[in-house]
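I wanted to write down each item as I found it.

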Amino acid sequence: MLLVLAAVVVSAGQTFTCTPTHVYDGDGPVWCAEGPHLRIGGIAAREMDGTCRSNQPCPAATAIEARDALVQLLGGPRGTLETGHVIVAGPRLVCESVGSAGGNRTAAWCRFPSGADLSCAMIRTGTVLRWDRFWKGPACK
């Protein structure tokens with residue numbers, strides 16, 4: 001069964017909740033139960049076809065490795081859709097929008113219930129790179 005939700009781009013500066021339900025790749029989109037499709041702020045992962053766009057950092061890790069790292073951070077896989085999205089039942093994230101990431105995606109900085117930053121957590125997996133052009137996040141430890 002394919003879930004179809006109307007994705008809404010959250011205006012820049014707004015805080016919103018994202019309970020992850022589906023992950024496509026290592027930097028998003030992450031589908032939120034509340035409606036938005038999240039593009040994780042300040043990081044770059046390979047595209048699912050293994051390429052990197054010419055204008056972004058290109059990590060050594062594969063797209064599958066990055067996607068799977070994000071899936072693990074968001075509670076582990078619960079199944080897959082025909083589209084390639086991995087179903088998750090992630091923790092409720094608190095996010096701050098930086099506006100549109102193109103199409104129906106919202107670029108945002110998100111924190112886990114513990115307060116840990118999602119972008120920093122992904123960088124620590126070694127599967128994505130910090131994208132300095134868009135980095136507006138915390139200093140990752």
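The entries below take the disulfides in order and then turn to the nonpolar core.

**Entry 1, the count.** I began by noting that I am working from a predicted model, and in it I looked up the disulfides, of which there are 4. I then traced how they are paired, and with the bonded cysteines counted along the chain the pattern reads 1-2, 3-4, 5-6, 7-8.

I looked up the sulfur atoms of cysteine 52 and cysteine 58 and found them 2.1 Å apart, in a disulfide. The link of cysteine 52 and cysteine 58 is right-handed, with 70° about the S-S bond. For cysteine 58 I noted a relative accessibility of 38%, so this residue counts as partly exposed, since that class lies between the 20% and 50% limits.

I next looked up the disulfide that joins cysteine 95 to cysteine 110, with an S to S distance of 2.1 Å. The torsion about its S-S bond is about 110°, and the disulfide of cysteine 95 and cysteine 110 is therefore right-handed. Because cysteine 95 lies in strand S8 (residues 93–100) and cysteine 110 in strand S9 (residues 105–111), the pair ties together parts that are 15 residues apart in sequence. I also checked burial here, and both cysteine 95 and cysteine 110 are buried.

Cysteine 120 sits in helix H2 (residues 118–124) and cysteine 140 in the segment after strand S10 (129–130), so the pair ties together parts that are 20 residues apart in sequence. I recorded cysteine 120 as buried because its relative accessibility is 4%, whereas cysteine 140, at 31%, counts as partly exposed.

Which residues have the most contacts inside the largest nonpolar core? I found that this core has 29 residues, and that those with the most contacts inside it are Leu38, Leu70, Leu74, Leu93, Cys95 and Leu118. The elements giving two or more residues to this core are strand S1 (15–18), strand S3 (30–32), strand S4 (37–40), helix H1 (63–73), S8, S9 and H2.

I finished by listing the contacts of leucine 118, leaving aside its neighbours within four places in sequence, and they are Ile40, Leu70, Leu73, Leu93, Cys110 and Phe112.

How values were computed. Residues numbered from 1 in each chain as written. Predicted model: local features only at pLDDT ≥ 70, side-chain atom pairs only at ≥ 80, totals over all residues. Heavy atoms only, no water. Disulfide = S-S within 2.5 Å. Buried < 20%, exposed > 50% of the residue type's maximum accessible area, 1.4 Å probe, protein only. Helix = DSSP H or I, 4+ residues; strand = E, 2+ residues; numbered from the N terminus. Core = buried A, V, L, I, M, F, W, Y, C linked by side-chain atoms within 4.5 Å. Contact = heavy atoms within 4.5 Å.
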